[in-house]
Amino acid sequence: AILFEHETINPPPQTRSGSATAMECSNRNTAFGPLKASAVARLCEAKFDELAATFPNDQSEFVAKLRKVLAGVVMERSVSAGGDCSTMQVVAIGTGNKIVGCDPGRPLSKAGDVVVDSHAEILSRRALLRFLYDQLELHSEGHVHGRDPRDPRESIFERAGASCSPPRFRLKSGLSFHLYISTNPCGDAAVIKEESTVYSSKTHGRARVKLDAGMGGAWASSYEEDTSRFAVMSCSDKVARWNYLGVQGSLLAAFLEPIYLTSITVGHDFKLSHNHRALYGRLDDGDQWEEEEESAGYARHRPTLDTVLPCVKLPTRGNAMPDCGSNWTVGDETIEVLQCSTGKRRDGEESQVCKRNLFRRFKDAMHSMEGGWRGKVCYERTKRDLAPTHQDAKEIFLRHFRECSGPWLSNAERCHLNSFYL
């Protein structure tokens with residue numbers, strides 16, 4: 001049974017998923033399946049409804065456009081010794097389905113202050129990074145980011161192994177993260193044919209890119225040599241990457257052991273075989289994975305894939321392609337709205353989830369735990385030097401990804417977007 005605000009719902013009623021207003025539920029069936037997937041989806045949709053309610057009534061049409069695609073991350077915490085009872089809480093939300101516009105007359109900023117990819121999955125993961133920094137800072141000494149020092153036992157992290165520099169942490173036992181996406185990730189997961197075979201056409205399993213502020217439909221191999229086109233890897237490809245390198249990214253890898261998603265729930269148009277192929281199955285084709293994985297300390301992860309129960313009515317997606325996205329992290333009063341074509345907030349200020357601000361969070365964490373780190377340092381060099389194991393694992397992934405799906409086109413390298421100092 002799943003409990004929302006102490007009301008037992010088994011199975012969920014035939015209402016919109018946003019009808020449950022509580023952001024926490026208790027679950028007494030730890031096996032992941034449609035029931036728990038429905039709980040994850042309902043919590044994320046309900047959280048967005050709650051956040052949307054903070055906007056004035058005359059902006060209801062704008063808020064509806066924000067919901068074109070919604071993604072969220074739910075943290076599950078076991079509350080019993082046997083793990084048969086747990087709580088769920090939404091910790092990150094993202095909406096959007098566009099990338100930054102690349103105008104030849106207006107070169108893309110190389111200062112790390114632009115959010116290049118404003119698709120919902122990507123923004124929700126960036127919002128999750130802010131939550132991870134919040135939790136990491138509970139282990140720091142002194143006043144960090146306007147917060148008073150708190151008991152590190154409140155953190156979701158614990159020390160990992162003997163003392164080292166920088167200190168290493170891992171996720172506490174009994175904690176897990178679930179990703180919800182209101183529709184199939186763009187790219188390979190969205191290449192759905194009527195045939196039942198997973199690889200039913202030559203187009204399946206291939207790396208794809210987002211072009212011209214749109215969706216991920218073009219083959220990456222077609223633009224490997226064409227650097228004049230601004231191409232961003234599809235969400236299917238990026239989720240597949242998270243399933244090997246973890247969601248924490250390069251910077252947090254200096255502090256954290258890899259953090260993997262336990263499950264991925266897709267709302268509309270879910271096809272298990274296609275999501276399985278796109279999000280991790282196609283990476284099983286490599287012959288030398290196991291030996292290299294063991295040496296790098298990373299491994300291919302296979303999160304559970306599912307969709308909601310038929311009786312759960314998800315909000316209808318609009319037909320509009322709005323030039324706006326949003327993100328929210330637990331603790332924020334409301335959502336931050338971005339203009340996707342510029343990669344900044346609507347007032348022109350940089351987003352809280354841009355590389356520059358996340359790098360600032362990293363520097364603050366390093367200063368609080370190691371001292372120093374007040375001078376200017378290079379973003380690209382910091383990622384390379386402080387997390388060498390992650391960089392090695394990244395090279396392994398990119399090599400096998402090319403063999404299995406195609407080239408990984410990195411705008412950070414093609415357009416030199418990671419060379420900024422802070």
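A residue is called buried when its relative accessible area is under 20%, exposed when it is over 50%, and partly exposed in between (1.4 Å probe, protein chains only). The structure is a predicted model, in which local features need pLDDT of at least 70 and side-chain atom pairs count only at pLDDT 80 or more, while totals for chains, interfaces and linings use all residues. Residues are numbered from 1 along each chain as its sequence is written, and side-chain values use heavy atoms, with hydrogens and water left out.

**Helix H4**

Begin by selecting residues 235-245, which form helix H4. Helices (H or I, at least four residues) and strands (E, at least two) are DSSP runs, numbered from the N terminus. In H4, 11 of 11 residues are buried; among them are Cys235, Asp237, Arg241, Trp242 and Leu245. Next select Gly246, which follows H4 and has a positive phi, near 90°.

**Asn411**

Move to Asn411, in helix H11 (residues 411-414). Asn411 counts as buried because its relative accessibility is 9%. Display Ala231 as well: its backbone oxygen lies 2.4 Å from a polar atom of the Asn411 side chain. Leaving aside neighbours within four places in sequence, Asn411 is in contact (heavy atoms within 4.5 Å) with Phe230, Ala231, Val232, His416 and Leu417.

**The largest pocket**

Now select Arg241, Lys355, Lys383, Ala412 and Asn418; of the 45 residues that line the largest pocket, these are the closest to its centre. On a 1 Å grid over the protein atoms alone, a pocket is an open set of points with protein on both sides within 12 Å along at least five of seven lines, a cavity is a set where a 1.4 Å probe fits but cannot get out, and lining residues have an atom within 4 Å of a point. The largest pocket holds about 1,100 Å³ of space. Elements giving two or more residues to its lining include strand S13 (231-233), H4, helix H8 (355-370) and H11.

**The nonpolar cores**

Select Leu128, Leu132, Leu136, Phe177, Phe255 and Ile264, the residues with the most contacts inside the largest nonpolar core, which has 48 residues. Such a core is a set of buried Ala, Val, Leu, Ile, Met, Phe, Trp, Tyr and Cys residues joined through side-chain atoms within 4.5 Å. Helix H3 gives the most to this core, with eight residues. Apart from it lies another core, of 29 residues, including Ala39 and Trp328.

**A cavity**

Finish with the second largest cavity, which holds about 40 Å³ of space. Among the residues lining this cavity are Glu45, Arg67, His268 and Arg317.

Conventions
A polar contact is a pair of N or O atoms within 3.5 Å; within protein, one must be able to donate a hydrogen and the other to accept it, and residues adjacent in sequence count only if both atoms are side-chain atoms. Grid points are joined across faces, edges and corners, and a volume is the space filled by probe spheres set on the points.
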